[in-house]
Amino acid sequence: MKLHRRDALLAAIAAGMPFPAFARAPEECLAESPQWRRGFDNQRVADRGDGTFLNPLMSGDHPDPSILKDGADYYMTFSTFESYPGLVIWHSRDLVNWQPVTAALTKDIGSVWAPELCKHDGRYFLYIPARTASYRSSYVAWADDIRGPWSDPIDLHLPDHIDPGHAVAEDGSRWLFLSGGDRVPLTPDGLATAGPVEHVYDPWRYPADWVVEGFAPEGPKITRHGDYFYLITAVGGTAGPPTGHMVIAARARSLHGPWEHCPHNPLVRTTCVDERWWSRGHATLVEGPDGGWWSVYHGYENGFWTLGRQTLLDPIEWTPDGWFRMTGGDLSQPIAKPAGGMPVPHGQPLSDDFATLALGTKWNFFRPAADERSRIGIADNTLHLAARGTAPSSSSPLLLVAGDLGYCFECDIEIDPGGVAGLILFYDDRLYCGLGFDSARFVTHQYGIERARPANPHGRAMRIRVTNDRHIVTYDTSGDGGRTWRRFDRGMEVSGYHHNVRGGFLMLRPGLYSAGEGTARFRNFSFRAL
């Protein structure tokens, strides 16, 4: 059943929830554009239930997708940057519906960019580029079961490259292809390099008058099909102008080259700012459950850089000349699902009764300290979060990935004397907004700083609601558990809270924080997409 945003708003009104002040009237929601099916917490779902799907495949910030076909199963992971536990691995059996399995990376090695998930000789590997302010390299972690346990990351000592792509040559040798058209040999066990980095490929160049962010060849992915190895690369820059990022291809009969440019390059590129998806690139090819072929890559949703780079699914066809082409167009319309496979319920509820702690698969710390895990506990359906720092910028908040254009979330919060806690929309430690409180006053978070401090009539316990309706943010508070609400006299517009303003390649994420002294207690966390 198709559920339009109009229906969600009408249902909210019928349930007695306030109609968002900046929401469009129901009759304005009768758009002719195709609609998503709705899943947990009314979140949008790609699978429309009628044999088609509508992108995004994975809504919200799921950039640099690395996908693995493992028999009848598919696994996928993404860049998680400074969120820990990180490298969440997702599972599917039909390429369209996905569920989280585990967070493979628990040791903080810095900001994680464009990992590679692969399997070789029965063992799973993650090749992980990461960086801190003083050190950068690529690492490898391994597991004999995809669900873990995963090893601690092992440093491969590759300081000058990002985006490793694993490949096995026709002679059985193992390689990592790297940014810039380079590669490095691996030892047979895949846990160390076996020689120096070498340059093997000069990527195809776009015309000089195209509007791009920069050449920046990155994201090399190798697929062996028929008589050729295919090298898929991203060029043009992953953000910046919407027309910048693109997908190019080359092929060779041997993994050792020489490489031949695809005559149809670029295979994917946003060419007009009116398109639904901007900055499309960083692609990997994968065989579907019925033997058809597909590509996963990322893109920004038009007008919603704040959601980060979302994962897209595009059908491909092999052409008589031994090349391939993408057939999904601009991905604004429904596409026939891959045949075969067994779907699972897509995604997960973001609402949380805190009966257990879904740390990693749902909640992540931002830039955590080594002892961050000790701050958090679950008891009596309550999340206990010890205070750290003085504000969201220094407290390592707990965050979610929310992929809808509008949503609201609310929670009961209780603080100890000297504590301050609240709900936030968080890009990074220098760009966030939200509402917190101590025992006497509210604290208004705007533009990544703490501003107005009006009187708090509720004391040390209240319920807070944050509504983000297409970048218009409002706050409501309740002193009686949500039976009655009071609109907080401070709203925000947050369309500029994104990478092209701040850098960092992140997204604006809902979350909660505890600072000051003592412990904050969070109960009955509720999330609802609009």
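The legends below describe close-up views of a predicted model.

View 1. Leucine 399 has glycine 511 in S41 as its bridge partner.

**View 2. An open sheet of four strands has the order S23-S24-S25-S26.** Its pairing is antiparallel. Strand S23 (277-287) and strand S26 (324-326) are the edge strands, and each pairs on one side only. On average, and with direction ignored, neighbouring strands of this sheet are turned by 35 degrees against each other. Seven bridges hold the pairing of strand S24 (residues 293-301) with strand S25 (residues 310-318), which is antiparallel. Serine 295 is found opposite aspartate 314 in S25.

**View 3. Strand S5 (residues 73-77) is mostly covered.** Five of its five residues are buried. Asp73, Tyr75 and Thr77 point one way from S5, while Tyr74 and Met76 point the other way. The residues on both sides are buried. S5 has antiparallel pairings with S4 and with S7. The pairing of S4 with S5 has five bridges, and in it leucine 68 stands opposite tyrosine 75. The hairpin of S4 and S5 has two residues between the strands, and in this hairpin glycine 71 takes a positive phi near 70 degrees. The pairing of S5 with S7 has three bridges. Here methionine 76 has tryptophan 90 in S7 as its bridge partner.

**View 4. Histidine 62 is shown in its loop, with the residues it touches.** The loop runs between strand S3 (52-53) and strand S4 (66-70). Is histidine 62 buried or exposed? Histidine 62 counts as buried because its relative accessibility is 10%, and the cut-off for buried is under 20%. Leaving aside residues up to four places away in sequence, histidine 62 touches Phe78, Trp90, His298, Arg309, Gln310, Thr311 and Val401.

**View 5. The largest cavity has about 570 Å³ of space.** A search of the whole structure finds seven cavities of 30 Å³ or more. The lining of the largest cavity is made up of 36 residues. Which residues lie nearest the centre of the largest cavity? They are Ser59, Asp61, His62, Trp90 and Val401. At least two lining residues come from each of strand S2 (44-45), strand S7 (86-92), strand S28 (364-366) and strand S33 (419-428). By class, the lining of the largest cavity has 17 nonpolar, 14 polar and five charged residues.

**View 6. The largest pocket has a volume of about 570 Å³.** Its lining has 22 residues, and those nearest its centre are Leu68, His166, Ile222, Thr223 and Arg224. The elements that give two or more residues to this lining are S4, strand S10 (116-120), strand S14 (165-168), strand S18 (218-225) and S23. Which element gives the most to the lining of the largest pocket? S10 does, with five residues. The lining of the largest pocket divides into eleven nonpolar, five polar and six charged residues.

**View 7. Threonine 356 lies in the loop between strand S27 (335-336) and S28.** Threonine 356 counts as exposed because its relative accessibility is 58%, and the cut-off for exposed is over 50%. Aspartate 380 is 24 residues from threonine 356 in sequence. In space the two residues are 9.7 Å apart, C-alpha to C-alpha.

Notes:
Residues are numbered from 1 along each chain as its sequence is written. This is a predicted model: local features need pLDDT of at least 70, side-chain atom pairs count only at pLDDT 80 or more; totals for chains, interfaces and linings use all residues. Side-chain values use heavy atoms; hydrogens and water are left out. Two strands pair if DSSP finds at least two bridges between them. Buried means under 20% relative accessible area, exposed over 50%, partly exposed in between (1.4 Å probe, protein chains only). Contact means heavy atoms within 4.5 Å. Axes are lines fitted to C-alpha atoms, for helices over the stretch in contact, and angles run from 0 to 180 degrees between N-to-C directions. On a 1 Å grid over the protein atoms alone, a cavity is a set of points where a 1.4 Å probe fits but cannot get out, and a pocket is an open set with protein on both sides within 12 Å along at least five of seven lines; lining residues have an atom within 4 Å of a point. Grid points are joined across faces, edges and corners, and a volume is the space filled by probe spheres set on the points. Ala, Val, Leu, Ile, Met, Phe, Trp, Tyr, Cys and Pro count as nonpolar, Asp, Glu, Lys and Arg as charged, and the others, Gly among them, as polar.
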